[in-house]
Amino acid sequence: MANNYSAEYEKTSDALPGQSLDWLKVIRADAFKCFSDKGFPSLREEEWRYTNVAAIEKKLFTPQFNVEVNEIDKELLQNYQLDGVFTIVLVNGRVSLEHSNLEGLSDNISVLSMVDALDQKPELVEKYLAQAVNDKEHSFVAFNTAWFSDGLFIHVQANQVIEKPIQLLHIVTQADLLATTRSIVVVDEMAEASIIETYVGVENVYLTAAVTEVFVGKNAVLTLYKMQSEGDKAYHFGGIYVKQDKESRFTHHNFSFGGLLARNDIHTDLNVASECDLNGLFLGVKRQHIDNHTRINHAQPHAMSRELYKGVLNQRARGVFQGRVIVAEDAQQTNSEMNNRNLLLSNDAEVDTKPQLEIYADDVKCAHGVTVGQLDEKSVFYLQSRCLDEKTARNILTFAFANEMVDKIKVESLHEKLLLQLLQRFPQEGVEKSWL
Amino acid sequence: MSSSAEEIEQLISQEYKQGFVTELEVDTFPPGLDEDVIAKLSKIKNEPDFMLEYRLKAFRHWQTMKSPDWAQLNIEPIDYQSISYYSAPKRKEDGPQSLDEVDPELLDTYKKLGIPLDEQERLAGVAVDAVFDSVSVATTFKGKLKDAGVIFCPISEALQEHPELVKQYLGSVVPEADNFFAALNAAVFTDGSFVYIPKGVRCPMELSTYFRINAANTGQFERTLIIADEGSHVSYLEGCTAPMRDENQLHAAVVELIVLDNAEIKYSTVQNWYPGDENGVGGIYNFVTKRAECRGSNSKVSWTQVETGSAITWKYPSCVLLGDDSVGEFYSVALTNNYQQADTGTKMIHIGKNTSSTIISKGISAGKAQNTYRGLVKVGKRAENARNYTQCDSLLVGDKCGAHTFPYVEVKQPSAQIEHEATTSKISEDQLFFCQQRGLSAEDAVSMIVNGFCKEVFKELPMEFAVEAQALLGISLEGSVG
């Protein structure tokens, strides 16, 4: 079935950016071969045992390289454009500077579209592209490497601190479209930045396959937010692959709200004394399927990782959490904590969770915990004893369960947006935004 | 710290005392496996026809299967044609009628292992079925058990005397095509224990089977089937040892437990197969399929295992909680040292309403060993109010070993409550320091900490086994706790 896409690749590959660069041509060709050999992942693969992507395989999503910018659903765009941030808009997998707003961005921070970066600084792209992730690891990554149409190249130079976050607003405006973006974020030594990835789209079937490679330099700090609010029929695959240098800090907040089938992969390689925090919230309603896959690789000693993922599943939704912590032989003094909490609200909802510890060093402190359950009856009773009806009491508690993750967000406009999303997707009777 | 680390290692590593070989005249099949071998096996055992069909069906399916490779184990490929599938001490025409007629060599062997086959001995409260290579050589207290209505005999004997019971239950929990090793076992199993506890009977004594591999180049394939009828109760113990050899020997067992309404089975194992030497040469490959089905309401199964032996352990005692209000428990201590590898855990399948399960798993990894917990907790759509609590802790001793945790949780029922916790750490220097500062030697302190670490599991073992288990860990509580 991968052949479905093979023919399409032959047709469109010439229009891909950077085809004049020999090294990139090789990378793309290898990646495509890797994808055609392996095909889409099957349920038999351990990492995909709960997520069936046959629907993507059967359909043929095609890239569109010449999408007119005025086709944008302006309302959608306005709705998701945050205040108080720099914004770059990517329409159907292509950067649209027309709608972007980078006014006041310091010269020491370069934000280029991948197309421009390949044109102006190909040697820099070559240095980083496909360095944080291997195509063989993952069919969708190979797919993305072969086929990416654009993306961002963000380079924060040493000792620079960006005051305002940069928002990357991905928007898809057409049905049956394939949006493959590849972004690279490089934060040099002692620099600090935060980036917000937002994914939105029309209420039609389309496929987003985005990969972001992140390099956090020595002592640098990067916070990455992801708000995935794709259209209800969309397929979303989003991979974030991070390489952390010594004493760096990486924080990821992953909010998965939209899409019919969404898969998030977050992998990070920790260096000596570095730290990472992975937070996630996934809400599933109707027939949504949300799969979160994280891997924290403690390759070096003295590093620390914390992870908390929360899931709320209603109606016929299915949530998956697969978290893996690997502690290499020399990674002594590792401290790692992983938690996954899930709430099932209906008889047809399902959650599958698989937290894994793989430890080859002895002087470590590693723990993980999982719970699947329902609201605490005592808390429900307490609220009822305070004159709330049961339904309201349950709504408030469900909301509070999820809101713990939203509360961690310090970017005001994003916090606001997330709260609205949360309220939209929950039984909200009895919960008022003004209380929050 | 380094000096006490050495002490820990000394404590954990100890010689394998059961590694001797008994010289006996034996009947052994030449190595190799095909349908003729199975037919011959079935004929020697004088089995009813349905058994041969069952074995052949399993064998034919096995030939289409591939050895599983998903476990966190590094297994040298096994040549199934180089193993002999039957080896038994030569016996007189009729076989022994009582203990007096059992070959004294054999009795000596068991005496040396500390397993008294003499009914007057100190462990008078335990009935023992002794399985030596491919056959059961003796079963004690048969008379006393018969008075209570309990059937406790080798499975080969049960096939002669109670074929209808065996036919009804054999393979009903672990079907012959269940997995690679279960299929192999179904095709070639030679002996094992059969237990039937009738309605309302509380088995008057502990039942136990002692497995011994003696012959070289053989595999041991035993099959245990325990049926607890309505309202009955039984506690069953299992122990095993093997001689020290340079080659790896295969042990592939299947254990099936069937628990009906209000019945309870408590199944304890102290697994002490030869683990191989400190360079990882030799040792038993232990591939075991153990599964219990709580068919009745209010039924209960409790697995307790202490795994210290075997070069490779691949074992997941599971509970299928079919009946409403049924309970499954799994308590495990797995110790791996040198080059041992263990991938063990459990499956709790909640199907009935109000079912509950508890998993306590303690892994201790030392030397260059790899110790993995792999478990599944599955809650079906109809399993309202299912409850599971899982705790798996790993202790690392030495910087070349590994400890891994792979739990799977699959829930389809909103009223279920599932908790899983896992921690991995080494013996904390703070704890050691605290104990030493209170006047304990480093050795006693480690002993106390390790014992405390395993206590939750040891307390589930029957007394005699708890003693053996503690001794196996090479740790004495003397002078450390009151």
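**Exercise 1. The next pair along chain A**

Task: Are helix α9 and helix α10 of chain A roughly parallel or roughly antiparallel?

Solution. 
- Step 1. Find the two helices. α9 covers residues 390-406 of chain A, and α10 covers residues 412-424 of chain A.
- Step 2. Read the geometry. Their axes come within 11 Å and cross at roughly 155°.
- Step 3. Apply the cut-off. Angles over 145 degrees count as roughly antiparallel, so α9(A) is roughly antiparallel to α10(A).
- Step 4. The crossing of α9(A) past α10(A) is right-handed.
- Step 5. Look at the residues. A:Ala402, A:Asn403 and A:Val406 of α9(A) meet A:His415, A:Leu418, A:Leu419 and A:Leu422 of α10(A).
- Step 6. Sort them. This contact of α9(A) with α10(A) has 5 nonpolar, 2 polar and no charged residues.

**Exercise 2. A helix pair in chain B**

Task: Is the crossing of α3(B) past α8(B) left-handed or right-handed?

Solution. 
- Step 1. Locate the pair. In chain B, helix α3 is residues 49-63 and helix α8 is residues 180-188.
- Step 2. Take the geometry. They pack at about 145°, with axes 7 Å apart.
- Step 3. Answer the task. α3(B) passes α8(B) in a left-handed crossing.
- Step 4. Check the contact. From α3(B) come B:Tyr54, B:Arg55, B:Ala58, B:Phe59, B:His61 and B:Trp62. They meet B:Phe180, B:Ala183, B:Leu184, B:Ala186 and B:Ala187 in α8(B).
- Step 5. Sort them. The contact of α3(B) with α8(B) divides into 9 nonpolar, 1 polar and 1 charged.

**Exercise 3. Where the chains meet**

Task: How many residues does each chain give to the contact?

Solution. 
- Step 1. Count both sides. Chain B gives 29 residues and chain A gives 30 residues.
- Step 2. Find the elements on the chain B side. β21 (387-397), β22 (402-411) and β23 (417-426) of chain B each give two or more residues.
- Step 3. Sort the chain B side. The side that touches chain A has 13 nonpolar, 10 polar and 6 charged residues.
- Step 4. Follow the strands across. Strand β18 (residues 350-359) of chain A is joined to β22(B) by 6 bridges, and the two run antiparallel. A:Asp352 stands opposite B:Glu410 in β22(B).

**Exercise 4. Confidence**

Task: Where is confidence lowest and highest among the elements of each chain?

Solution. 
- Step 1. Take chain A. Its mean pLDDT is 89, and 96% of its residues reach 70 or more. Helix α1 (residues 2-12) of chain A has the lowest mean (73), and strand β11 (residues 249-256) of chain A has the highest (96).
- Step 2. Take chain B. Its mean pLDDT is 82, and 85% of its residues reach 70 or more. Helix α1 (residues 2-12) of chain B is lowest, at a mean of 51, and strand β18 (residues 347-350) of chain B is highest, at 95.
- Step 3. pLDDT stays under 50 over residues 92-96 of chain B, which have 2 contacts beyond four places in sequence. It is also below 50 over residues 474-482 of chain B, with 18 contacts beyond near neighbours in sequence.
- Step 4. Draw the lesson. Where pLDDT is low, the predicted coordinates should not be read in detail.
- Step 5. Finish with the complex. The predictor gives an ipTM of 0.83 and a pTM of 0.86.

Technical notes
Residues are numbered from 1 along each chain as its sequence is written. Chains are lettered from A and ligands numbered from 1 in the order in which they are written. This is a predicted model: local features need pLDDT of at least 70, side-chain atom pairs count only at pLDDT 80 or more; totals for chains, interfaces and linings use all residues. Axes are lines fitted to C-alpha atoms, for helices over the stretch in contact, and angles run from 0 to 180 degrees between N-to-C directions. Helices (H or I, at least four residues) and strands (E, at least two) are DSSP runs, numbered from the N terminus. Angles under 35 degrees count as roughly parallel, over 145 as roughly antiparallel, 65 to 115 as roughly perpendicular and the rest as oblique. A crossing is left-handed if the near helix is turned anticlockwise from the far one by less than a right angle, and right-handed if clockwise. Two residues are in contact if their C-beta atoms, placed from the backbone, lie within 7 Å. Ala, Val, Leu, Ile, Met, Phe, Trp, Tyr, Cys and Pro count as nonpolar, Asp, Glu, Lys and Arg as charged, and the others, Gly among them, as polar. pLDDT is the predictor's confidence in each residue, from 0 to 100. Two strands pair if DSSP finds at least two bridges between them.
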